[in-house]
Amino acid sequence: MIEFKEVIKEYPNGFRAVDGLTLTARHGEICVLIGPSGCGKTTALRMVNRLIDVTRGEILIDGQPNDEFEPEVLRRQIGYAIQQIGLLPHMTIRDNVAIVPRLLDWDESRIRQRVDLLLDMVGIDPSIHGDKYPRQLSGGQQQRVGVARALGADPPIMLMDEPFGAVDPITRAILQEEFLQIQQEVGKTILFVTHDIDEAIYMGDRIALLRAGRLVQYDSPDDLLAMPRDDFAREFVGADRSLKRLHLISVKDSMMQSVPCCEHDATLEEARACLERHHSESAFVVDADGILLGWVEKAALEASQSLSAAMQRAPAASIAVPEDATAREALSVLLSHSFDVTPVIDADGVLTGGVSIQRLQDLVEVPGIHAAGRDGRP
Amino acid sequence: MKDTKAKSAENGAGRHLPFAALIWLLVTAALVVIGSQTVTLQDREKFVGDFDFTVEKVEGENRLILHLTAGTFEYGVTPEVILPVPSGRYRRGDADAPQVALALFDALDSISEVTLEPQTITARYEDAAADAERVRSRLRRPFNNAVANDRGSITAEAAGETIIFQTSDERFLYAQYQPALVPTVEEYDSRAAAEAGSPLARYIVSESRAAQTLRLEPARLLIGYAEGTALEPFARTMREILNDFHPRASLAPNLWLLTAQLEIIPPLLAIGVEPLQTGLPLFLFTLLMVLVEGGIFLLASDGKKHLLILLTHIASVFLLFWSIFGHEPLWDAILHAIFPTSAQLAHPQGTVIDFTAQHLELVLTSSLYIISFGLFLGIMVTRENFREFLPLVNNLVNSGQTVPTLAIVAIMAPIIGLGFMPALVALIAYGLLPVVRNTIAGIESVSVSIVDSARGMGMTSRQILLRTELPIASRIIMAGIRTSMVINIGTATLGAFVGSGGLGIPIASGLSMTVDAFILLGAIPAALLAILADYVLGQLEVALTPRGLLIET
């Protein structure tokens with residue numbers, strides 16, 4: 001747990017980079033510090049491991065003021081990863097990851113085990129890359145090694161300053177996803193600085209929005225999006241904040257169980273009755289096992305002799321979304337087809353429900369009910 | 001499974017080593033063929049010359065003449081024991097005059113009286129016409145030869161008709177020498193006379209029953225032999241016994257003295273490691289080096305062992321150069337080929353190896369100071385607390401190189417006096433810039449984010465310096481040291497103008513006496529030294545650069 005208590009950083013010229021910050025990053029949570037450049041987020045981060053000294057106030061780490069430690073001793077207990085990565089170019093990948101354990105005088109066999117474990121964890125094969133040098137790796141690989149290095153001595157707390165900032169968007173998305181998986185395993189208390197609201201929403205358990213050294217809002221991603229406290233916050237999270245919220249919601253949590261649907265060998269009457277029942281213009285067609293085969297339009301039913309002649313067949317993947325997709329993806333499919341409802345299928349292709357535009361509107365109007373945690377996320 | 005790129009970075013510098021070693025081996029072999037019997041480098045024994053003789057029969061007489069093939073006999077002495085200089089006043093001809101006084105009397109006829117005190121030696125000369133400065137320069141070398149103290153600490157001061165030598169040591173020491181060969185002409189017209197003569201004369205008649213009359217000259221020995229003696233076997237015997245008489249010379253006594261002065265390997269001297277000899281022993285030694293190198297090369301590919309190969313390699317290259325430099329007949333042959341008509345080929349003040357040793361002493365000593373000062377300054381001004389001194393230090397080292405070396409020497413001479421010290425100070429002032437500048441540039445080339453992450457991980461300032469900044473800066477720093485040392489080798493020739501010795505001596509005297517051969521005698525070795533230093537330091541530069549930094553991005 002990291003607690004900021006009325007922390008002020010004032011420079012000799014009177015400029016306050018951090019101005020009365022009070023904030024608690026709870027145990028095992030990712031707390032994202034975000035804000036425009038110059039808002040003091042990096043300064044706040046660097047005060048935790050005393051790379052910058054606090055002018056007034058105090059920072060507690062698991063209840064203990066951080067100035068009770070020697071700076072070096074403190075830093076060795078806190079993982080540190082930065083955007084520029086800062087791998088030491090003259091050391092091999094293994095040696096880089098082993099830096100903190102060596103500073104802590106671990107014995108070599110334990111270091112070796114730990115290093116190979118961490119490299120495996122971040123997706124770097126130690127037998128292939130372990131003895132290479134940083135310059136022989138790609139940017140994305142280097143970022144992974146940077147994360148492994150920060151985890152080196154298994155610190156309870158990690159400070160990450162835009163750790164995925166230096167790579168292309170695709171690699172960044174992969175790294176973010178993988179890091180969340182690692183975090184589920186290791187459960188560190190993480191202070192995470194970024195300027196990218198999407199990253200903050202995706203990565204953060206809670207987001208602290210800073211402006212000119214002051215805390216504007218400290219909330220869960222969903223609450224921040226749903227209820228920006230003031231104009232600044234509203235502007236910062238963006239006009240598409242509803243879309244961003246949808247990104248936080250999984251289809252499984254938001255879908256309706258009941259959708260217009262009929263089996264492919266149903267009679268025309270049965271199909272019509274189904275449409276009537278749901279007040280719908282179209283219905284999905286499934287086989288005996290419930291697997292989505294296609295859809296049928298009301299107009300086509302009128303003109304055809306049988307359901308199989310009236311239905312449109314289509315591969316399920318092109319018209320439906322899987323259960324673990326986000327509500328945002330469901331909306332996207334909804335927009336690109338003429339259905340009222342986007343069908344949802346499980347891993348076997350079985351139709352399990354659907355998402356309607358009305359349903360999505362209901363979701364984003366109600367603040368706070370979908371701060372379900374990251375279990376629902378991809 | 002190793003990346004090919006890493007592999008080539010690993011072996012890149014090492015791959016050509018066996019070839020280079022092979023070439024060195026061939027060159028040493030050639031040296032063995034050219035003249036394996038010649039022994040030179042007799043500085044300690046004060047023997048200048050060549051041990052091989054050509055034989056000439058005097059027509060109509062039972063006499064043969066042994067000509068020295070090169071050089072001149074001066075005198076041969078073997079050092080016995082180092083003693084404090086006794087106090088006292090000695091006049092020319094005094095029977096009990098100690099070695100130091102005798103050396104001064106020998107060096108200059110006009111010296112009539114020498115006064116010895118623990119820290120001061122005063123010589124009075126009676127030649128009103130003689131220039132005090134000239135007297136001093138005439139006396140310096142014999143005096144330095146006679147006194148066993150570190151000559152860097154001895155100063156000489158000439159005032160009118162006295163010249164005063166002073167030491168900064170507690171007292172003067174001198175080596176008690178035993179004369180073995182005489183420098184002047186000696187003539188003995190019977191075996192009986194020879195048996196009462198100089199050590200060399202006594203030796204010849206005691207070793208050969210056939211030898212009858214002797215005339216010993218600096219450059220040749222005339223030996224009369226008994227009626228009925230077969231000439232060829234006699235000549236052979238003579239050559240053999242004369243070779244036996246002289247103590248075997250060593251490859252590089254000056255080198256060992258030099259390193260002893262630098263206090264790098266005095267323990268080696270203490271346990272009696274003999275310096276190497278020229279010719280076959282050198283060949284065998286180089287062969288051994290090559291085998292060792294090859295062994296390491298075959299058995300290991302690890303980075304540390306690669307450095308080891310390089311060090312053996314550099315050592316053998318260095319020894320090879322040293323033996324070439326010490327190969328007097330080679331120099332004679334080269335100079336003779338260039339200046340067939342020149343009467344003088346051998347420099348009167350010493351051999352190439354003498355000058356080279358002095359030169360290296362000057363270069364290595366000054367470089368040692370330059371590297372330690374330079375690294376210290378460069379590291380200091382890049383520390384957070386001393387950063388404000390950065391412009392000051394920059395200006396200082398810049399001005400050190402802006403002022404011409406000769407000017408610095410000229411400024412230093414009146415303050416410190418002539419000799420080794422002013423040259424040393426000038427070289428240090430001149431050579432600091434590349435080292436300081438590259439140290440600063442190297443450390444500043446380490447990106448801020450690397451230092452930040454090192455600090456963020458909990459390295460102390462000292463660990464950041466030693467484990468992060470210096471390793472990453474090492475290549476740039478080594479390049480600075482290399483530049484500094486190569487320049488230094490050239491600049492050190494100017495030291496001759498203040499009497500610091502070195503390869504500038506033959507150049508300076510060649511210029512003033514218009515003997516072109518002397519100029520080359522200084523210039524060629526100086527150029528070779530600079531090339532050698534550049535090569536060796538270049539290799540070291542690559543070897544000392546961490547492998548991770550050699551990889552192209």
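How many salt bridges does the rule find across the interface of chain B and chain A? In this predicted model, the count is one. The bridge joins R46(A) to D452(B), with 2.7 Å from N to O. Side chains of opposite charge can pair when their charged atoms come close. Polar contacts also cross the interface of chain B and chain A: eight residue pairs qualify, with both residues at pLDDT 80 or more.

The most comes from α17(B), which gives six residues. By type, the residues on this side of chain B comprise nine nonpolar, nine polar and six charged.

The contact as a whole draws 25 residues from chain A and 24 residues from chain B. Between them, the two chains bury about 2,300 Å². Carbon and sulfur atoms account for 64% of that area.

A bend of about 55° falls at S474(B). The end-to-end span of α18(B) was compared with that of a straight helix. With 31 residues, a straight helix would reach 45 Å at 1.5 Å a residue. The end C-alpha atoms of α18(B) are only 38 Å apart, short of that value.

Over all chains, the structure holds 24 salt bridges. Among them is a pair within chain A, R94(A) and D131(A), whose side chains meet at 3.1 Å, N to O. This pair links distant parts of the chain, 37 residues apart. R94(A) lies in helix α3 (residues 93–97) of chain A. D131(A) sits in the loop between α6 (126–129) and α7 (139–150) of chain A.

Terms used
Residues numbered from 1 in each chain as written. Chains lettered and ligands numbered in written order. Predicted model: local features only at pLDDT ≥ 70, side-chain atom pairs only at ≥ 80, totals over all residues. Heavy atoms only, no water. Contact = heavy atoms within 4.5 Å. Buried area = accessible area lost by both parts, 1.4 Å probe. Salt bridge = Lys/Arg side-chain N within 4 Å of Asp/Glu carboxyl O. Polar contact = N/O pair within 3.5 Å; in protein donor to acceptor, adjacent residues only side chain to side chain. Helix = DSSP H or I, 4+ residues; strand = E, 2+ residues; numbered from the N terminus. Nonpolar A, V, L, I, M, F, W, Y, C, P; charged D, E, K, R; others polar. Expected span 1.5 Å × (residues − 1). Bend = angle between axes of the 7 residues up to and from the residue.
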